[in-house]
Amino acid sequence: MVKGTDGTRRNAATGEHYLPRHEPRYREIASFLRAPLADTLEALDIALVGIPFDGGVSNRPGTRHGPREIRNQSSMMRSAHHITGLDPFAQARIADIGDVRFSSIYDLEKVSDDIAAYYAAIRKAGVIPLSAGGDHSITFPILRGLAADGPVGLIQIDAHTDTWDEFQGSKFHHGGPFRLACEQGLIDPKRTVQIGIRGAQNTTQGWDYSHDTGMRVMFMEEVDAMGIDAVIAEARRVVGDGPVYLSFDIDSIDPAFAPGTGTPEVGGLTSLQALQLVRGFRGLPLIGADVVEVSPPFDPSGNTALIGATLMYELLCLMAEGVDHTKT
């Protein structure tokens with residue numbers, strides 16, 4: 001495993017030191033955004049994490065394969081941002097720390113506890129996590145691990161509010177993470193914005209819960225009418241200046257661009273709108289972020305995972321720019 005903070009690797013045979021992310025993109029071990037691999041949180045600012053779990057889906061599985069395929073597709077990413085000029089790897093100490101491990105993957109409550117404990121350790125180390133799922137149920141235990149000091153703001157980019165109650169006798173499913181997070185005081189509903197919501201439902205339960213608790217719900221029709229710049233301004237108004245978590249469900253993007261997801265809904269964001277939206281949150285005090293619901297079996301082209309990888313890069317740029325370089 002790579003040690004130190006410069007990202008270089010030593011060739012075992014020749015002793016040569018080199019930078020893997022500057023090698024041809026078909027070479028080297030696949031890591032998120034070709035970041036160095038690390039087996040410790042020491043000397044890190046940002047940890048890239050995979051959560052290969054889809055036991056919380058209500059219908060189509062496959063997101064357990066998301067982290068691996070996002071890693072593969074992220075080899076297409078380069079370092080310097082074409083708009084800001086920012087190179088996150090020059091700005092912050094970043095590494096792929098691998099995947100969350102589970103003590104009992106068939107027990108949804110234990111899975112939630114495993115994820116929560118993992119992210120509590122990341123938080124304790126003073127490291128900011130950027131995660132790839134996995135289905136959206138993983139965000140609730142991530143917040144359990146990160147929001148120990150009280151409720152945080154939430155930017156949720158999604159086709160669904162994910163504030164439903166129990167489904168088939170379980171509350172640990174991908175349709176209810178933000179209801180659980182709200183009920184347990186992990187997010188402040190008055191500082192929560194849900195962007196891109198759309199699609200018919202058999203019950204209004206999720207919509208009603210979001211509205212009744214004070215979450216700002218922006219249906220896709222409103223997003224389209226307002227325009228991305230105005231949506232960004234409204235979202236920033238809602239979350240304010242306090243700590244905020246950003247969760248990006250790939251099904252917020254229209255399936256014409258990202259078909260590889262468990263619950264696709266037509267009429268969503270374009271891939272360009274999605275990138276513009278994320279870029280608009282530059283400067284917010286992010287405590288973490290995730291990209292979830294990439295399901296490679298439903299997109300043999302790999303394009304959905306490529307979009308997921310690109311979004312992770314954009315989020316990494318936001319995080320790297322906000323790193324506190326005065327900490328030890």
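User: Is T261 buried or exposed, going by its relative accessibility?

Analyst: T261 has 1% relative accessibility. Buried means under 20% relative accessible area, exposed over 50% and partly exposed in between, with a 1.4 Å probe and protein chains only. So T261 counts as buried.

User: What kind of model is this?

Analyst: Residues are numbered from 1 along each chain as its sequence is written, and side-chain values use heavy atoms, leaving out hydrogens and water. Local features need pLDDT of at least 70, side-chain atom pairs count only at pLDDT 80 or more, and totals for chains, interfaces and linings use all residues, as this is a predicted model.

User: Where is T261, and which residues is it in contact with beyond its neighbours within four places in sequence?

Analyst: Helices (H or I, at least four residues) and strands (E, at least two) are DSSP runs, numbered from the N terminus. T261 sits in the loop between β9 (244-249) and α9 (271-279). Contact means heavy atoms within 4.5 Å, and for T261, those neighbours aside, the list is R60, D249, I250, D251, E293, S295 and F298.

User: What lies over the face of F298?

Analyst: A charge sits over a ring if NZ of Lys or CZ of Arg is within 6 Å of the ring centre and within 35 degrees of the ring normal. Over F298, at 3.8 Å from the ring centre, lies R60.

User: How much space lies in the largest cavity?

Analyst: A cavity here is a set of points on a 1 Å grid, over the protein atoms alone, where a 1.4 Å probe fits but cannot get out; lining residues have an atom within 4 Å of a point. Points are joined across faces, edges and corners, and the volume is the space filled by probe spheres set on them. The whole structure has one cavity of 30 Å³ or more, and the space in the largest is about 80 Å³.

User: Which element gives the most to the lining of the largest cavity?

Analyst: The lining has 13 residues, with L108, S112, S137, P141 and F172 nearest the centre. Two or more lining residues come from each of α3 (108-124) and α4 (139-146). The top contributor, with four residues, is α3.

User: Why is α4 called largely enclosed by the rest of the structure?

Analyst: Its buried residues are T139, F140, P141, I142, L143, G145 and L146. α4 is largely enclosed because the buried ones number seven of the eight residues.

User: How many aromatic pairs are there, and which kind do Y118 and Y119 form?

Analyst: Rings of Phe, Tyr and Trp (its six-membered ring) pair if their centres lie within 6.5 Å; planes under 30 degrees apart count as stacked, over 60 as edge-to-face and the rest as tilted. The structure has four such pairs. Y118 and Y119 have ring centres 5.8 Å apart and planes at 55 degrees, making the pair tilted.

User: Of Y118 and Y119, which is buried?

Analyst: Y118 has 22% relative accessibility, so this residue is partly exposed. With a relative accessible area of 0%, the buried one is Y119.

User: What about F140 and F172: how far apart are they in the chain?

Analyst: Their ring centres are 6.4 Å apart with planes at 40 degrees, so this pair is tilted. F140 is in helix α4 and F172 in the loop between β6 (152-157) and α5 (177-183), so the pair links distant parts of the chain, with a separation of 32 residues.

Definitions and conventions
1 Å grid on protein atoms, 1.4 Å probe; cavity = no way out; pocket = protein on both sides within 12 Å on 5 of 7 lines; lining within 4 Å.
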